[in-house]
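Hi,

Here is the structure I promised to pass on.

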Amino acid sequence: MKNHNVSITEAQDGFEFEFSDVFNVAVSFIDRHLTEGRSDRIAIRTTSGEEVTYGELAANVNRCGNFFKSSGLTKGNRLIMVVKDCPEFFYIFWGSIKAGIIPIPINTLLRAKDYRFIIDNSECSAVLYSPEYKSEIEPALKMAQNSPALSISIQGEEKDLVQLIQKSPADLEAAETHADDECFFLYSSGSTGNPKGAVHCHKDMMYTSLNYGVKTLGINENDVTFSAAKLFFAYGLGNGMHFPLWAGATTILFDGRPTPDTIFDAIEKFKPTIYFGVPTLYGAQLLNMEEKTWDLSSIRTCVSAGEALPPDLFRRWQEKTDLIILDGIGSTEILHIFISNRSDDYCLGSSGRLVPGYQAKILGDDNNPVKQGDAGKLWIKGGSTAKCYWNNPEKTAATMQNEWLNTGDTYYQDDNGYYHYCGRNDDMLKVGGIWCSPFEIEAKLIEHPKVLEAAVVGAPDDQNLIKPKAYLVLKNPEDQSEELEKELLQLCKKGLAPYKYPRWFIFQETLPMTATGKIQRFKLR
Ligand code: 3UK
């Protein structure tokens, strides 16, 4: 048997890895726990009461890998998974990787036409899905040009994955892959255009787990992680799977819709030590806590990503819970968080400092680095960056250049080294010739106690000059009044540069959001 070894040394600016020629990352994340004596420790707990030990996890991963091989899948084949957060997600993901098959976890909230696109673009050989998504997957399979040999609904009366794989052997020799071979893909839906498949390698999740999980968050085997963000999202995949598995910790899986009540309920019952949320959910959770009290005493760290965390949310969360929220920015292409605040080093309203192992540059319109303090386009370099977009050379060439990745975000770095988010490059607006960050105005608006969510976009005034326009969701829709508009205007005029106050206020019941909780400002423009 090949040894799939890696030697890891900690350097000042991140971890360094030396991989043996043959290296399959499933050996490090799954099998290692058996040799390190964790077979009887709990790897997964579900909110519906299931428990999976590291020993059971390893056996089911092997069975799943063997089942795929005996179903005709071979090394390098792609396998799409539209699977809710459940132990089977782990068996399929790791069983594939261990057998050299490339799993592609996909957003479970997409529609048939999006699934069709990904089935064709990935040229996958298999589609595995939770029965809940059948009504979108079946038409997608019919519409697609590619017809995958295997398509399985993983639960239900006739076929249950765990039963299906019981006949397959519980031992599996890891496929002879290499640290920089393709390991899994994640499709990211940008604000426009078709989803792009970021190609990640075996080494990438070691890089994020050590540099962010261990080094930045301090995750260890006594931790219990709980991510409101689902596993199909790179943020959730790290939080709810890669980091706890790397550390030999326990993850809590919840397959329902994340609402303040369901999330708080799970926290009370399953007592996570680290909680991962997104800003809109933190906002809704704060509203919920105005009427209810919850026991959050198990939590030592709260994390936020996906969108910038408005400082006012941080303050109110800290007042209410005595916990700080560590905001950090990550992306599907870089796999996880590359700039982050830390428990002992944070700056309110910033994304924090670089995570070890990552480098940043901020470029102006001429593509030269800007002066410290000036805003520009953020580029990142680091060892977890996707090697390309699958079957998409144009997008690869536009986004990935000489190991640097264009994040598409506008940032500035302050004198103390903290990075401040200004907006997506294409969400930034120019008012009177000056770049203006929608996020800054939104953060000001939600300081008002009656405002739940805010989105700011540019709109032309009667002279066709672009000015900020605010869309607002109120905690109580009945609070809408001219008086409130005046108060909001005062708040912005007092707290922002003079040109930045919104010229229009539009009240709505909801804002357009992506499945991962990001405001879709382009839909409001
Ligand atoms: C935005 C943020 C400000 C930013 C992600 C953590 O969100 C993740 O990945 P996606 O590919 O989106 C990436 C884009 O989202 N963004 C994310 N976090 C922040 N903007 N402050 C933040 N804290 O525009 C970025 O380019 O969906 C988040 C871990 C893994 C991830 N994939």
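**Helix 7 against helix 8**

M205, M206, T208, S209, L210, Y212, G213 and V214 of helix 7 are in contact with H242, F243 and W246 of helix 8 (contact means heavy atoms within 4.5 Å; helices are DSSP runs of H or I with at least four residues, strands are E runs with at least two, both numbered from the N terminus). Sorted by class, this contact has seven nonpolar, four polar and no charged residues (Ala, Val, Leu, Ile, Met, Phe, Trp, Tyr, Cys and Pro count as nonpolar, Asp, Glu, Lys and Arg as charged, the others, Gly among them, as polar). The two helices, residues 204-214 and 234-247, pack at about 80° with axes 9 Å apart (axes are lines fitted to C-alpha atoms over the stretch in contact, and angles run from 0 to 180 degrees between N-to-C directions). That makes helix 7 roughly perpendicular to helix 8, a label for 65 to 115 degrees.

Before you go further: this is a predicted model, where local features need pLDDT of at least 70 and side-chain atom pairs pLDDT 80 or more, while totals for chains, interfaces and linings use all residues. Numbering runs from 1 along each chain as its sequence is written, and side-chain values use heavy atoms, with hydrogens and water left out.

**Two covered helices**

Helix 1 (residues 25-35) has nine of its 11 residues buried, meaning under 20% relative accessible area with a 1.4 Å probe, protein chains only. Those buried residues pack against strand 1, helix 2, helix 3, strand 9, helix 7 and helix 8. At the start of helix 1, a side-chain oxygen of N24 comes within 3.0 Å of the backbone nitrogen of A26. Just past the end of helix 1, G37 has a positive phi of about 85°.

Helix 4 (residues 112-122) is largely enclosed by the rest of the structure, because nine of its 11 residues are buried. Its cover includes strand 5, strand 6, strand 7, helix 5 and strand 9.

**The ligand**

Which residues come nearest to the ligand? Of the 22 around it, they are D327, G328, T332, D409 and K518 (around means a heavy atom within 4 Å). As for polar contacts (N or O pairs within 3.5 Å), a polar side-chain atom of T332 is 2.5 Å from a ligand oxygen. A ligand nitrogen sits 2.7 Å from a polar backbone atom of G328, and a ligand nitrogen is 3.2 Å from a polar backbone atom of A308.

Cheers

Key
Buried means under 20% relative accessible area, exposed over 50%, partly exposed in between (1.4 Å probe, protein chains only). Angles under 35 degrees count as roughly parallel, over 145 as roughly antiparallel, 65 to 115 as roughly perpendicular and the rest as oblique. A polar contact is a pair of N or O atoms within 3.5 Å; within protein, one must be able to donate a hydrogen and the other to accept it, and residues adjacent in sequence count only if both atoms are side-chain atoms.
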